[in-house]
Amino acid sequence: MIIQQKIIFFFFLGLFSASLTFGSDDLPVIVIDPGHGGTDQGATGYYKSTEKQITLTLAHCVIKHLTNKCHVILTREQDTFITLLARTEKANYVQPMAFISFHVGASFRLQPEGIGTYYWQPSQGESFFDDMLKKNDDKDVQYPPLWDHLQRYHLNSSKLLAGIIHHSILSEVDVYDRKVNGAPLFLLAGADMPAILIEIGYITRPKEEKNLLRLPFLDKIAQGIARGLEQFIEKNAYGMQTDLQY
Ligand SMILES: [Zn+2]
């Protein structure tokens, strides 16, 4: 279940100084965000499983597949509550090569199913360039980028990351393809690196919930995510020339 909120406030880039894109051993750093946690259970299914449990189990499976390939930092390691803003802040502090959030879909209807991957895009009617021009019409004042604008500088690499990982997952598991989509997700808006959110199935569809409760199924998804990440890292997509510079 994806939570959308909108808060605008300033956050100066100077605070983002602890860059760990690569660790001291030259292995890339990745931040993985298991959605929900603690008092926030996320969506629940017919068999009483919770989104917060499934996302955390998947995160630990991905870590296993990335051993000796990446340093993985989790936004939460246990069943603890953490705000959306704190998750993005943690990622911005370490400046990883990629930020990947896991969620599980939910619907009031039983039919929806499948895996979908999201990158950030502005809400409808909002134009990035018009917006920036409005904010910079006073030429004597240089405004720092708004916190919720940071993801705009990584759109191309985020789309690339979303596409590679989505197709890598679908090469591992036979599920309905909900495609790669852009969405104005608050969690991703302030991420200052390639960032995506994956919805790994619908917990409200009992057949799919059963799959999500099976460790071998989650491990296959984890394998797809890990292989996709390796491909993304090989392409050295971080800081792509086509990304905007601030
Ligand atoms: Zn969710």
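Visitor: What makes lysine 52 buried?

Guide: Buried means under 20% relative accessible area, exposed over 50%, and partly exposed in between, using a 1.4 Å probe and protein chains only. Lysine 52 has 11%, so it counts as buried. Keep in mind that this is a predicted model, where local features need pLDDT of at least 70, side-chain atom pairs count only at pLDDT 80 or more, and totals for chains, interfaces and linings use all residues. Residues are numbered from 1 along each chain as its sequence is written, and side-chain values use heavy atoms, with hydrogens and water left out.

Visitor: Why is the contact between lysine 52 and aspartate 79 called a salt bridge?

Guide: The rule asks for a side-chain nitrogen of Lys or Arg within 4 Å of a carboxyl oxygen of Asp or Glu. Here N to O is 3.1 Å, and the two side chains meet in a salt bridge. Lysine 52 sits in helix H1 and aspartate 79 in the loop between S2 and H2, 27 residues apart. Aspartate 79 is partly exposed, because its relative accessibility is 44%.

Visitor: Why does arginine 76 have no salt bridge?

Guide: The nearest side chain of opposite charge, aspartate 79, is 4.4 Å away, and the cut-off is within 4 Å, so no salt bridge is counted. For charge, Lys and Arg are positive, Asp and Glu negative, while His and the chain ends are not counted.

Visitor: What does the side chain of arginine 76 make a polar contact with?

Guide: The side chain of threonine 55, at 3.3 Å. A polar contact is a pair of N or O atoms within 3.5 Å; within protein, one must be able to donate a hydrogen and the other to accept it, and residues adjacent in sequence count only if both atoms are side-chain atoms. The backbone oxygen of glycine 35 also lies 3.0 Å from a polar atom of arginine 76's side chain.

Visitor: How do you know that lysine 220 and glutamate 172 tie together separate parts of the chain?

Guide: Lysine 220 lies in helix H7 and glutamate 172 in the loop between helix H4 and strand S5, so the pair joins parts 48 residues apart in sequence. Their closest N and O atoms are 3.7 Å apart, and they form a salt bridge. Glutamate 172, at 17%, is buried, whereas lysine 220, at 38%, is partly exposed.

Definitions and conventions. Helices (H or I, at least four residues) and strands (E, at least two) are DSSP runs, numbered from the N terminus.
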